[in-house]
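User: I am new to this structure and would like to be guided through its main features, one question after another.

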Amino acid sequence: MVYQRKQQEIHDRIRQIVADVDDRLGRDPEHPVHLIGHSLGATIALDLATRPEDPLWTDSVTTFGSLWPLFHVCDPRRGLLPYTGSSPVRLPPSVRRWTNLWEPLDPLAFVAARVFTLANGELPRDVEVQHRYASGLSTHSVYWTAPQLVSELVRA
């Protein structure tokens with residue numbers, strides 16, 4: 001609820017953090033950033049990268065336990081066409097690559113390739129993370145139990 005009310009402030013703060021590193025980062029296709037987000041962080045990352053005005057240009061977006069595909073199906077994200085079920089929604093070129101980790105028992109994780117396509121026509125890469133029975137019902141946090149997988153995906 002806080003994100004819905006303070007979305008602009010949150011986006012501005014993230015942009016400031018990126019600019020503190022290098023004020024050119026994310027401003028255009030020649031200076032893209034890599035975004036990583038879990039759960040609501042994934043939603044914030046993708047909302048920033050797909051803003052119709054002044055998007056945060058990305059070389060890659062890696063999401064874990066993302067609700068963004070569900071959010072878009074229920075209530076289209078600003079600047080994107082609605083999902084009709086007949087074909088995926090094309091994302092803007094500001095999202096060059098998207099790797100989406102999801103765990104089948106995570107009620108808050110959704111696949112992306114059924115809903116979206118990248119601007120170049122490729123599908124986002126959905127990577128199923130196997131459920132670790134030792135994690136019990138905390139499936140929404142299971143992604144952090146696979147650090148090797150996360151490390152490999154971020155480097156890819």
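User: How many helices and strands does the protein have?

Analyst: This is a predicted model, and the answers below rest on it. From the N terminus on, its elements run α-α-β-α-β-α-β-β-β-β-α. The count for the protein is five helices and six strands.

User: What percentage of the residues of the protein count as buried?

Analyst: A residue is taken as buried when its relative accessible area is under 20%. The protein has 156 residues, and the share that counts as buried is 44%.

User: Among contacts with a separation of 6 or more, what share comes from residues 24 or more positions apart?

Analyst: A contact here means heavy atoms within 4.5 Å. Of the contacts in the protein with a separation of 6 or more, residues 24 or more positions apart account for 69%.

User: Which element gives the largest share of the lining of the largest pocket?

Analyst: The largest pocket holds about 310 Å³ of space, and 16 residues line it. Two or more lining residues come from each of helix 1 (2–5), helix 2 (7–21) and helix 3 (40–49). The largest share, three residues, comes from helix 3.

User: R77 forms a salt bridge with which residue?

Analyst: Side chains of opposite charge can pair when their charged atoms come close. For R77, the closest N and O atoms of the pair are 2.7 Å apart, and the partner is D47.

User: Why does the pair of R77 and D47 tie together parts that are apart in sequence, and how many residues apart are they?

Analyst: R77 lies in the loop between helix 4 (68–74) and strand 3, whereas D47 lies in helix 3. The pair therefore ties together parts whose distance in sequence is 30 residues.

User: Are R77 and D47 buried or exposed?

Analyst: Buried means under 20% relative accessible area. R77 has a relative accessibility of 14%, and D47 has a relative accessible area of 8%. Because these values fall under the cut-off, R77 and D47 count as buried.

User: How many salt bridges does a search of the whole structure find?

Analyst: One of them joins the side chains of R24 and D22, at 2.9 Å from N to O. Another joins E53 and R51, whose closest N and O atoms are 2.7 Å apart. The search of the whole structure finds eight.

User: Which residues do salt bridges that share partners join into one network?

Analyst: In the pair of E53 and R51, E53 is partly exposed at 33% relative accessibility, while R51 is buried at 11%. Apart from this pair, salt bridges that share partners form one network of R15, R27 and D54.

User: Where does D54 lie?

Analyst: D54 is a residue other than glycine with a positive phi, near 55°. At 41% relative accessibility, D54 counts as partly exposed. Its place is the loop between helix 3 and strand 2 (58–64).

User: What is the phi of S39?

Analyst: S39 is found in the loop between strand 1 (33–38) and helix 3. S39 is buried, with a relative accessible area of 14%. Although S39 is not a glycine, its phi is positive, at about 60°.

User: The backbone oxygen of which residue lies 2.4 Å from a polar atom of the side chain of S94?

Analyst: S94 sits in the loop between strand 3 (89–90) and strand 4 (98–102), and it counts as buried at 1% relative accessibility. Leaving out residues up to four places away in sequence, S94 touches A49, T50, P55, L56, W57 and T58. The backbone oxygen at 2.4 Å belongs to A49.

User: Which residues line the largest cavity?

Analyst: The count comes to one cavity of 30 Å³ or more, and about 30 Å³ of space lies in the largest cavity. By class, its lining has four nonpolar, no polar and three charged residues. The lining consists of R15, V18, A19, D23, L25, R27 and L56.

Note on methods
Residues numbered from 1 in each chain as written. Predicted model: local features only at pLDDT ≥ 70, side-chain atom pairs only at ≥ 80, totals over all residues. Heavy atoms only, no water. 1 Å grid on protein atoms, 1.4 Å probe; cavity = no way out; pocket = protein on both sides within 12 Å on 5 of 7 lines; lining within 4 Å. Points joined across faces, edges and corners; volume = space filled by probe spheres on them. Helix = DSSP H or I, 4+ residues; strand = E, 2+ residues; numbered from the N terminus. Nonpolar A, V, L, I, M, F, W, Y, C, P; charged D, E, K, R; others polar. Buried < 20%, exposed > 50% of the residue type's maximum accessible area, 1.4 Å probe, protein only. Polar contact = N/O pair within 3.5 Å; in protein donor to acceptor, adjacent residues only side chain to side chain. Salt bridge = Lys/Arg side-chain N within 4 Å of Asp/Glu carboxyl O.
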